[in-house]
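Work through the exercises below with the model in view. Try each task before reading its solution.

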Amino acid sequence: MRHISTHDAPATGLRSIGDTSWHTRGVCHGMDPEDADATFFPLPRDHDAIADAKELCALCPVSSDCLNYALENDLKEGVWGGLTEAERRPWHDGLPQRLDYSRVIAFFNGRDVHLTESERQVVINHAYVRGWRTDRLAAALQIGHKHARDLLRQAALKIFDRDRTLGVPRRKKKRTQTTRTTRRPTPNKPDTKQPVSRPVTSPSTGAPLGKAA
């Protein structure tokens, strides 16, 4: 906390695990280092001091960044992001499985976020569904080209198995619409049979006529 309350250096080029650009916007920034240590590192059963620290954290606009900083750097002492050591313990234990979509959205918006395993998998699945090229995923996750290609292939197989299990039909290719044209009557070919016209039969001359009145 002494480092946070006095640090005012610009953001580093490291991933967010070492990103300290949020320090200057914290409520604790500018506090006397000794006062900050006494406020945010109270004794475990000093409930009044803990309540005072949480009250300051509730007013802080970067409390979520403070909490992420403590989790990613495995800081288990003191009050960070409004949570005590005991309150952060489940977060530390389940950090690889944590899924915070606000962090995923920040990643897609260009922020260099240190993603957890679950958040990273969401990015890979999104990249496959959106048709990302291998080089784009490699640049986004800062990994090798072959590794990115294998991740996209694994995502494709996983989605294919899921659709096959759930019985999701495959997308059919759209048929190109052909313009309808009015058909003109085709002339009869020579070898086609023409209908035979039969003459109307008239009464024969040799037949007897009826009696005259």
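A nonpolar core is a set of buried Ala, Val, Leu, Ile, Met, Phe, Trp, Tyr and Cys residues joined through side-chain atoms within 4.5 Å. Keep in mind that this is a predicted model.

**Exercise 1. The cores**

Task: Find which residues of the largest nonpolar core touch the most other members, and name the elements that give two or more residues to this core.

Solution: 
- Step 1. The largest nonpolar core holds 17 residues. Phe-107, Leu-115, Val-123, Leu-137, Leu-141 and Ile-143 touch the most other members.
- Step 2. Two or more residues come from each of α6 (101-108), α7 (117-129), α8 (134-141) and α9 (145-166).
- Step 3. Helix α9 gives the largest share, four residues.
- Step 4. Look also for a second, separate core. This one has seven residues, including Cys-60, Val-62, Cys-66 and Trp-80.

**Exercise 2. One residue's neighbours**

Task: List what Leu-115 touches, not counting residues up to four places away in sequence.

Solution: 
- Step 1. Set aside the residues up to four places away in sequence.
- Step 2. Leu-115 then touches Arg-103, Phe-107, Arg-120, Val-123 and Leu-141.
- Step 3. Compare with the core. Phe-107, Val-123 and Leu-141 are among the core residues that touch the most other members.

**Exercise 3. An aromatic pair**

Task: Decide how the rings of Phe-108 and Trp-132 are arranged, and whether each residue is buried or partly exposed.

Solution: 
- Step 1. The whole structure has five aromatic pairs.
- Step 2. For Phe-108 and Trp-132, the ring centres are 6.1 Å apart and the planes meet at 85°. Planes over 60 degrees apart count as edge-to-face, so this pair is edge-to-face.
- Step 3. Phe-108 is in helix α6, and Trp-132 is in the loop between α7 and α8.
- Step 4. Buried means under 20% relative accessible area. Trp-132 has 13%, so Trp-132 is buried. Phe-108 has 32% relative accessibility and counts as partly exposed.
- Step 5. Elsewhere, ring pairs link Trp-22, Phe-41, Tyr-69 and Trp-80 into a cluster. Trp-80 also belongs to the second core.

**Exercise 4. The whole chain**

Task: State how many helices and strands the protein chain has, and what share of its residues is buried.

Solution: 
- Step 1. The protein chain has nine helices and zero strands.
- Step 2. Of its 213 residues, 30% are buried.
- Step 3. The accessible surface is about 16400 Å², and 53% of that belongs to carbon and sulfur atoms.

Notes
Residues are numbered from 1 along each chain as its sequence is written. This is a predicted model: local features need pLDDT of at least 70, side-chain atom pairs count only at pLDDT 80 or more; totals for chains, interfaces and linings use all residues. Side-chain values use heavy atoms; hydrogens and water are left out. Buried means under 20% relative accessible area, exposed over 50%, partly exposed in between (1.4 Å probe, protein chains only). Contact means heavy atoms within 4.5 Å. Accessible areas come from the Shrake-Rupley method with a 1.4 Å probe; for residues, only the protein chains shown count as cover. Rings of Phe, Tyr and Trp (its six-membered ring) pair if their centres lie within 6.5 Å; planes under 30 degrees apart count as stacked, over 60 as edge-to-face and the rest as tilted.
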